[in-house]
Amino acid sequence: MARIDLVDLAHSYGGNDAATESFALKPVTMTWRQGGAYALLGPSGCGKTTLLNLISGIVTPSRGQILFDGADITPLSTQKRNIAQVFQFPVIYDTMTVGQNLAFPLKNRGVPKAEIDARVKQIADLLDLTPHLDRKATRLTADAKQKISLGRGLVRSDVAAILFDEPLTVIDPELKWQLRSKLKALHRDLDLTMIYVTHDQTEALTFADTVVVMHDGRVVQSGTPAELFDKPAHTFVGYFIGSPGMNIVPAEVRGREARISGHPIALNRSYDTLPAGAKIEVGVRPEFVDVAAPAPGLLSANIERIDDLGRVRFARVRIGDAKFAARVPPGFSVSGETAGLVFNPTHVHVYADSRLVEGTA
Ligand code: ATP
């Protein structure tokens, strides 16, 4: 296992002369710690596969370096990087048995037979493949084949990292949940550095200790699921993580007060030095705004509908032209077309040109 450092790493498929703004991966410097479980999360086209392929060596970066445990491996081929990869679709040998498939990456490297047998048994047990070990892979379902692919990725204990590129896409939804939990358990048992690419926030948040969120070729935040929820560093993270996503509305901010549609909202921190000319917005998750009966002093909103999610209800409202979601407190019955909104100042964040502004205490 290795610590992976990306140093000013960037990639353009159009060559190094292209403008940085058009790069598939804009310059990034970050560290992936040894033994960490990471998810690389973002919508289609944001650059996840590009970053994964740079780490594995399938793609050579236009700029920057990749270090494994401090050593520059940027010029090395995929084989020399000692990486295991699991792709979207099963990569297995149909003519081999399940056991032979699992043993293949070890056999290929001349690992002693006793060691191979022990490791194959361990991985097969963990993935519930033991009853199938002697069966030819060709007769298995797509789900089982992908489990073998996962097993082949996990079977080596000496790899620098295991990279998963949307590995559960072909898996039946029910089994998906089981396999995700299983991967998390495997991560704990095997002490492996894992990087898991997905566009599905549930998949990312349930698998990873650290979620790396990408948007438009940039890493916009790297943090625990709780950090991404409580303090999104970028409005995109606020909007992309959470269901419903964070409310983001234009505001005027001065000191400890934000004005939304001219109405004052108290802030927990002071914002005296906002960048001149920046687009200023306030972000607050629906969980931290309650609807109440309209009252003087409360920001007024037009109710459009109520979404009852079982354990929680959200009111979909409008403030002027802006769409907004707010929690309906337990026991509160919504009547009429307008409501007052009660903000929890601790969770109201300020953004300048989409980036979080820290403010002062
Ligand atoms: P998806 O989830 O759809 O796979 P992604 O987040 O993995 O998306 P990438 O596949 O890394 O995104 O693509 C990032 C950008 O680079 C996109 O604009 C894509 O069109 C472009 N791109 C990817 N591969 C190539 C290539 N081989 N040549 C040219 N452009 C590419």
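A residue is described here as buried when its relative accessible area is under 20%. The structure is a predicted model, and this cut-off is applied to several of its residues below. Across the chain the pLDDT averages 93, and 100% of the residues score at least 70. Confidence is lowest in helix α6, residues 173-190, where the mean is 83. The highest value, 98, belongs to strand β20.

Strand β20 is part of an open sheet of four strands, arranged in the order β11-β14-β20-β21 with antiparallel pairing. The edges of this sheet are formed by β11 (247-250) and β21 (355-357); each has a single partner strand, so one side of each is left without a neighbour in the sheet. On average, neighbouring strands of the sheet are turned by 40 degrees against each other, direction ignored. Strand β20 covers residues 349-352 and is joined to β21 by three bridges, the two strands running antiparallel. Within this pairing, Y351 has L356 of β21 as its bridge partner. In general, strands of a sheet pair through backbone hydrogen bonds, either parallel or antiparallel.

The loop between β19 (338-343) and β20 contains H347. The relative accessibility of H347 is 19%, and this residue therefore counts as buried. When neighbours within four places in sequence are left aside, H347 is in contact with G283, V284 and F288.

One of the paired residues is R313, whose bridge partner in β18 is V328. The two strands β17 and β18 form a hairpin, with two residues between them. In the turn of this hairpin, G320 has a positive phi of about 60 degrees.

Among the helices, α1 spans residues 48-56 and includes S56. With a relative accessibility of 0%, S56 counts as buried. A polar atom of the S56 side chain lies 3.3 Å from the backbone oxygen of N53. Not counting residues up to four places away in sequence, S56 touches T78, R81, I83, Q85 and L163. As a general point, an α-helix has 3.6 residues a turn, so residues three or four places apart point the same way.

Helix α3, residues 98-107, is largely enclosed by the rest of the structure, because seven of its 10 residues are buried. The buried residues of α3 are V98, G99, N101, L102, A103, P105 and L106. Their cover includes the helices α4 (113-126) and α5 (142-154).

The model also contains a ligand, which is surrounded by Y13, A24, P43, S44, G45, C46, G47, K48, T49, T50 and E166. A polar backbone atom of C46 is 3.1 Å from an oxygen atom of the ligand. For G47, a polar backbone atom is found 3.0 Å from a ligand oxygen. In the case of T49 the side chain takes part, with an N or O atom 2.7 Å from an oxygen atom of the ligand.

How values were computed:
Residues numbered from 1 in each chain as written. Predicted model: local features only at pLDDT ≥ 70, side-chain atom pairs only at ≥ 80, totals over all residues. Heavy atoms only, no water. Pairing = 2+ DSSP bridges. Axes fitted to C-alpha atoms, helices over the stretch in contact; angles between N-to-C directions. pLDDT = per-residue confidence, 0-100. Buried < 20%, exposed > 50% of the residue type's maximum accessible area, 1.4 Å probe, protein only. Contact = heavy atoms within 4.5 Å. Polar contact = N/O pair within 3.5 Å; in protein donor to acceptor, adjacent residues only side chain to side chain. Near = heavy atom within 4 Å.
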